[in-house]
Amino acid sequence: MISTQASKLIGLTNNVKTKSKTKLITITSGKGGVGKSTFTANIAYLLAQKGLKIAVLDADIGLANMQVLFDIKPKTTFFDYIDGRKSLDEIILKTEYPNVSLIAGKSGYEYSNHSNTFVYTRVAEDIIALNEFDILLVDTGAGLNDYVKEFLSISDNILALTTTDPSALTDVYSLMKMLSLGKSKLMLCFNHTRNYKIGETISNSLVKLAQKNRLNSDFMVEYIGNVSTSAQISTTGRLRKLFTKEFILDESTKQMQVIIDYLIKNIH
Ligand SMILES: Nc1ncnc2c1ncn2[C@@H]1O[C@H](COP(=O)(O)OP(=O)(O)O)[C@@H](O)[C@H]1O
Ligand SMILES: [Mg+2]
């Protein structure tokens, strides 16, 4: 049960989004294991290198591993805030990377208690209300459960990371179908994809399929880039270092640079 103290605290933040400088980017994928957390941590670093103040919220209940990528052993997670044990300041953790803060998550938390209540998304909204960060990146879990849907529903900048794997594409199409009902746009990135054109071609096919199936025609899918497979990405991950910092000149780093340049220009 959520404590009354916490519910009071988090009940005060409606409509803050419009007044805050903090832009929210929700990063999702239909399928797990496509590289979403690795991608999120690295683009957080690259955005911070551009002088932006970044917060990363690990909202993956299935597999919260952002703290591993940032090499932090968190004493607090965002559930301590939801449950009223900690203040917002106490759950925003500094990382070793300048201008990158982490709000850690926790695997296996019993979220069904609060399902459809927007309790979790209030954490994101309260961070936005602080007006302290330029960008809040939310790493949602894979799949389309109620919890992920809540995070998607509060976000105007949704980025899906996928691979070219047929099952990953099927999941992305389900995501498109759902988002087309209420959102205007989905940004699409392909991981494990060497060739920019391949990502573009597949994006176009997904858009054609959407047209054929008469998804809402106001809904746009925008292809924003690809990231190659690089052997060093999992190696540096295992060493708890960030790939884009250690391998500045690698092709994958450059591809992520292109993606963050797009984000800086196009998110609202
Ligand atoms: N472009 C890439 N090249 C090589 N390995 C990658 C790449 N992207 C992710 N990985 C590796 O894939 C594995 C899963 O990545 P992770 O970010 O945990 O996925 P997700 O968050 O989608 O479940 C990790 O071992 C990670 O290092
Ligand atoms: Mg993950």
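Thr38, Ala41, Asn42, Leu69, Ile233, Thr236, Gly237, Lys241, Leu242 and Phe243 line the largest cavity of this predicted model. A cavity here is a set of points, on a 1 Å grid over the protein atoms alone, where a 1.4 Å probe fits but cannot get out, and lining residues have an atom within 4 Å of a point. The space inside is about 40 Å³, where a volume is the space filled by probe spheres set on the points, with grid points joined across faces, edges and corners. The structure holds one cavity of 30 Å³ or more. Helices α2 (36-49) and α10 (231-238) each give at least two residues to its lining; helices are DSSP runs of H or I with at least four residues, numbered from the N terminus. Sorted by class, the lining has five nonpolar, four polar and one charged residues. Ala, Val, Leu, Ile, Met, Phe, Trp, Tyr, Cys and Pro count as nonpolar, Asp, Glu, Lys and Arg as charged, and the others, Gly among them, as polar.

Let's turn to the largest pocket, with a volume of about 470 Å³. A pocket is an open set of points with protein on both sides within 12 Å along at least five of seven lines. Among its 27 lining residues, Val34, Gly35, Lys36, Ser37 and Thr38 are the closest to the centre. At least two lining residues come from each of α2, α3 (66-69) and α10. By class, ten are nonpolar, 14 polar and three charged.

Axes are lines fitted to C-alpha atoms over the stretch in contact, and angles run from 0 to 180 degrees between N-to-C directions. Phe39, Asn42, Ile43, Leu46 and Leu47 of α2 meet Thr253, Met256, Gln257, Ile259, Ile260, Leu263 and Ile264 of α12, where contact means heavy atoms within 4.5 Å. These residues divide into nine nonpolar, three polar and no charged.

Another helix pair is α8 (residues 166-179) and α9 (residues 196-212), whose axes come within 11 Å and cross at roughly 50°. That angle makes α8 oblique to α9; oblique covers what is left after under 35 degrees (roughly parallel), over 145 (roughly antiparallel) and the perpendicular range. Leu169, Val172, Tyr173 and Met176 of α8 touch Ile202, Leu206, Leu209 and Ala210 of α9, giving eight nonpolar, no polar and no charged residues.

A word on conventions: residues are numbered from 1 along each chain as its sequence is written, and chains are lettered from A and ligands numbered from 1 in the order in which they are written. Local features need pLDDT of at least 70 and side-chain atom pairs count only at pLDDT 80 or more, while totals for chains, interfaces and linings use all residues, and side-chain values use heavy atoms, leaving out hydrogens and water.

Key. Parallel < 35°, antiparallel > 145°, perpendicular 65-115°, else oblique.
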